[in-house]
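Good morning, and thank you for coming.

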Amino acid sequence: MTEDDVVARLSSGMTIGVGGWGSRRKPMSIIRAIARSDLRDLTLVAYGGPDVGLLCAMGKVRKVVYSFVSLDSIPLEPHFRKAREAGAIEVEEYDEGMFLLGLQAAAWRVPFLPTRVGLGTDLLTLYPALKTVRSPYGPSGEPASDEGEELIAMPALKLDAAIVHMNRGDAHGNGQYLGVDPYFDDLFLLAAERRFMSVEQVVPTAELATLGPVQSLRINRLMVDGVVEAPGGAGFTSCAPDYDRDEALQRRYAEAATDDNEWAAFVAEWVNA
Amino acid sequence: MSAVRRADVCAVALAEVFRGDGEILANPIGNLPMIGGRLARETFEPDLVMTDGEALLVQNAVPIGAAADSAPKVVEAWNPYRAMFDIVWSGRRHIIMGPVQIDRHGNANIAWIGEDAQRPARQFLGFRGGPGNTISHATSYWVPNHSPRVFVEKVDVVVGVGYDRAAALGAAGADHAIPRVVSNLGVFDFETDDRSMRLRTVHPGVTVDDVRAATGFVLAIASEVDETRVPTAEEQAIIDAVDPAGLRYREVPDP
């Protein structure tokens, strides 16, 4: 399928999870297609980078569920920052480990997972929907003799759709990362109803295991509904070992946040082209 | 002999943050903390485990900045982001974070400044790993520009748990610790009766009054405030090797 085929399977108001991490292995060709579309009021769930920033700047976002939004070499995402400081988007904030638990809970189809993370912070007062739960067990899992420990109940981050980008894949939805980190892409897919994967290159299934260790075959076709072949599809974010981050392009993207003319030119050239 | 430079004193103070830690993941964030961590492992804390800044645990003192790209890495283990939470939640880690604001109890903010979570005056990192780090293992802090805007009476949002809030949690707060706060002016701890922040040492050329004036809350002062120690010749050589481009002098210019 194509990026536009993915967009056709999404609708306004959806909660969409995006794989990758910061400015690394983001499915930017699909993100750009969303930016060009008439989709709106999206809720984005991501270890955020320019995916979040671009869609905020393009007016596609109602809400962001996040723990950080960063361009890595530029620590603060300027377009996200601008949207936040303008009050243009709603947010739901979590620690990045709580985020993992939320995706894992959705993937395992349980309503929450317990954790100490968040206790003592302002999360519980800022987000009253976030609840605690009392452990029925003692510290080692034994039946509790009296009141068990109070823990944060991290809610499942259930997604309407997820999009990820991998280095290689086959036409059936088996996917392979060849870089050093799988990030959380499998969890995003497992947490979602509709699952889409773009890849640098589609190869015959029989080739996949020859391209890297079997551990690199992190995504299997049970997790994926549609595959897009998108060479360079993560750019300008990094997609090691196929390519590094395009720092010059990222800098231009970032600097355009403070210059309307530059931004219009950037959108014409890089988003709408 | 030329005068000792402030950034090099800070590097040693940041190394000292890890003294006594043994075999844990030392995870300093930022250039000077990273120099400090590498220095600690090369000298008095050889068992520390450190990352390459991404998904590998590396045994050698990889330089910071551009020099890191060409440096050979002695890889000990694979540690993708997901595995980092295994380490964090096991408690075998000591991080150095850079707060936007910190109060006298060590409550820290790295997320945003303002009154309204939905419309902050200034957006910073977000909650990132602050809640998980501070509830799970030791967290120290590094402030390159000590001022009353950072050392505040009350932080706008508590992301990193301070001693007062950890105490209120009872057993769940048992792993909480803030061993040190290091700034460009001095070194601080919480070794007071009420676990409020105390000035431990001042860097050479800094007075206690300088620190007081740059702090937005009433700081406890140790009965005798010594000077922060300066690098030995061996330490200076390691600092120079880890930061060949001198990025630390841009982070902390000489006064």
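Two residues are said to be in contact when their C-beta atoms, placed from the backbone, lie within 7 Å. Helices (H or I, at least four residues) and strands (E, at least two) are DSSP runs, numbered from the N terminus. The model is predicted: local features need pLDDT of at least 70, side-chain atom pairs count only at pLDDT 80 or more, and totals for chains, interfaces and linings use all residues. Residues are numbered from 1 along each chain as its sequence is written, while chains are lettered from A and ligands numbered from 1 in the order in which they are written.

Let me begin with chain A. An automatic or database domain assignment supplies the domain bounds, and it divides chain A into domain 1 (3–94 + 157–271) and domain 2 (112–155). The centres of domain 1 and domain 2 of chain A, taken over C-alpha atoms, are 32 Å apart.

How many residues of helix 3 of chain A are buried? A residue is buried if 20 or more other C-beta atoms lie within 10 Å of its own, exposed if 12 or fewer, and partly exposed in between, with C-beta atoms placed from the backbone. For helix 3 (residues 50–57) of chain A the count is 8 of the 8 residues, so the helix is largely enclosed by the rest of the structure. Among them are Pro50(A), Leu54(A) and Cys56(A). The buried residues of helix 3 of chain A pack against strand 1 (15–18), helix 2 (28–36), strand 2 (42–46), strand 3 (61–66), helix 4 (78–85) and helix 9 (247–255) of chain A. After helix 3 of chain A comes Gly59(A), with a positive phi near 75°.

I turn to the contact between the chains. Chain A gives 33 residues to it and chain B gives 36 residues. On the side of chain A that touches chain B, helix 4, strand 4 (90–93), helix 5 (96–108) and helix 6 (123–126) of chain A each supply at least two residues.

Chain B contains 9 helices and 14 strands. Buried residues account for 51% of its 255 residues. Of the contacts in chain B between residues at least 6 apart in sequence, 66% join residues at least 24 apart.

One sheet in chain B is open, with 3 strands in the order 2-3-4 and antiparallel pairing. Strand 2 (50–51) and strand 4 (75–78) of chain B are at the edges, each with a single partner strand, so one side of each lacks a neighbour in the sheet. Pairing requires that DSSP find at least two bridges between two strands; strand 3 (residues 56–58) and strand 4 of chain B pair over 3 bridges. Leu57(B) stands opposite Ala77(B) in strand 4 of chain B.

In helix 8 (residues 233–242) of chain B, the buried residues are Glu235(B), Ile238(B), Ile239(B) and Val242(B). These cover an arc (of the directions from the helix axis to the C-beta atoms) of only 100° around the axis, which puts them on the same side of helix 8 of chain B. On the other side, Ala233(B) and Ala237(B) are exposed. The buried residues of helix 8 pack against helix 1 (6–16) and helix 2 (31–42) of chain B.

Finally, Asn145(B) lies in the loop between strand 10 (138–143) and helix 6 (163–168) of chain B. Asn145(B) counts as exposed because it has 12 C-beta neighbours inside 10 Å.
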